Amino acid sequence: MITEDQLTSQEAIALEEKHGAHNYHPLPVVLSRGEGVFVWDVEGKKYYDFLSAYSAVNQGHCHPAIVDAMNKQAQTLTLTSRAFHNDILGRYEAFATDYFKFDKLLPMNTGAEAVETAIKIARKWAYEKKGVKEQDAQIIVCENNFHGRTTTIISFSNDEGARKNFGPYTPGFIKIPYDDPKALERALIENKNVAGFLVEPIQGEAGVYTPSDDFMKQAKAICEKHNVLFIADEIQTGIARTGALLAVCGNCTCEGHCERQETYSRPDILILGKALSGGAYPVSAVLADDEIMNVIQPGQHGSTFGGNPVAGAVAMAALNVVKDENLAQNARKLGELFRAKLNEYIKDSTIVNLVRGRGLLNAIVINDTEDSSTAWDICVALKENGLLAKPTHGNIIRFAPPLVMNEEQLLDCVAIITKTLGDFEK
Ligand SMILES: *Cc1c(COP(=O)(O)O)cnc(C)c1O
């Protein structure tokens, strides 16, 4: 029986184990409350959240402005479907297209759906605008990509766990090494049927693999030269996480989104999700200009919940928080401090090889084999010491706190991390 009584952590975990599909392997902590950079478990222990739900909670847990917008809209109108108009969607689309400087937005719910949408738009554009023969369109992707979990998306993954026994796989994808503009150029010379190049500006799931500074600029230029759409999956890197509004903004330090030519690698198609709602609600979006977005006509694509009024209200509030609280600049400043402190530690460390990242999307590489449990054990110890982080791809630990963190809190977290790592030094 499930009652109103608070469960213990053990009871909550046992219920999931017994009644839930085993498609995740969470750290053994059961959270029941969150506020800003902190979360609390059911026993009342307080933690720094250093994952932010994979960068969905950039604005911090239960941000009052976002919760308020959600509550108000939830009490007014929640869902109309797109069979009818609602009085929020247009306002949200006007707001978000002005914010990111694209002609149009197509609303979806999850990140994977937005990636699927971008793939569909790119293929349709190739057939109707570029003149590729139907069924022949190709999309170039990178090795070690992560774009979600649908059957088509896992078809072009090279993560065995994500792929194996889920075939047959969707054709139409060409894989090239990441951070390799020459490979992109070669693939485009060899193949005239390419619709788009789908890329993460930093590969988050792969272990915060951060490419050379000019990779985005070069990739964009090569795509332009070959009349191929440059499609940026900023679901994890976007919305201030890397110290700029978008990771494709490069090293631009402005507060918002200025499209400065020298830094901004403007995508033809921009994919957003996660922090678009501040983690309050599943909201994703695809943005593009008219000549691309207009290939989609009524009846050709959609979603029952996509563009619902709660999503629109929540997304506008979440995007306002990013600018009002200067989250991009804060992420940039604290990110530099974080890497400086960790680099200081690494000098004398045998357990950590490397810290890398941009803004507040960072990772450390543990000095152990891919299949060792060291990264996991460190995360369990971090939890005991009051900080929640999760290994990604074996021996790498991602560090991505909410961007509403202040410097004192960050230094407190650095102390927890270095103390914990110290316990693992040989
Ligand atoms: C999380 C993520 C996705 C998938 O988003 P979901 O909401 O989990 O479907 C796609 N691409 C990137 C880069 C992501 O980080």
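Let's start at the ligand: one of its nitrogen atoms lies 2.7 Å from an N or O atom in the side chain of aspartate 233. Keep in mind that this is a predicted model.

- Glycine 111 comes in through its backbone, with an N or O atom 2.8 Å from a ligand oxygen.
- On its own the ligand would expose 380 Å², and the protein buries 81% of that.

**Who's around the ligand**
- The surrounding residues include the run Thr110, Gly111 and Ala112, plus Phe146, His147 and Gly148.
- Glu200, Asp233, Ile235, Gln236 and Lys274 are also part of that surround.
- Sorted by class, the shell comes out as three nonpolar, five polar and three charged residues.

**Helix 3, inside and out**
- Helix 3 covers residues 64–74, and its buried residues are Ile66, Ala69 and Gln73.
- Looking down the axis of helix 3, those buried residues fall within an arc of 65°, so they line one face of the helix.
- As for what covers the buried residues of helix 3, helix 11 (309–324) is part of it.

Technical notes: Residues are numbered from 1 along each chain as its sequence is written. This is a predicted model: local features need pLDDT of at least 70, side-chain atom pairs count only at pLDDT 80 or more; totals for chains, interfaces and linings use all residues. Side-chain values use heavy atoms; hydrogens and water are left out. A residue is near a molecule or strand if one of its heavy atoms lies within 4 Å of it. A polar contact is a pair of N or O atoms within 3.5 Å; within protein, one must be able to donate a hydrogen and the other to accept it, and residues adjacent in sequence count only if both atoms are side-chain atoms. Accessible areas come from the Shrake-Rupley method with a 1.4 Å probe; for residues, only the protein chains shown count as cover. Ala, Val, Leu, Ile, Met, Phe, Trp, Tyr, Cys and Pro count as nonpolar, Asp, Glu, Lys and Arg as charged, and the others, Gly among them, as polar. Buried means under 20% relative accessible area, exposed over 50%, partly exposed in between (1.4 Å probe, protein chains only). Helices (H or I, at least four residues) and strands (E, at least two) are DSSP runs, numbered from the N terminus. The arc is that of the directions from the helix axis to the C-beta atoms. Contact means heavy atoms within 4.5 Å.
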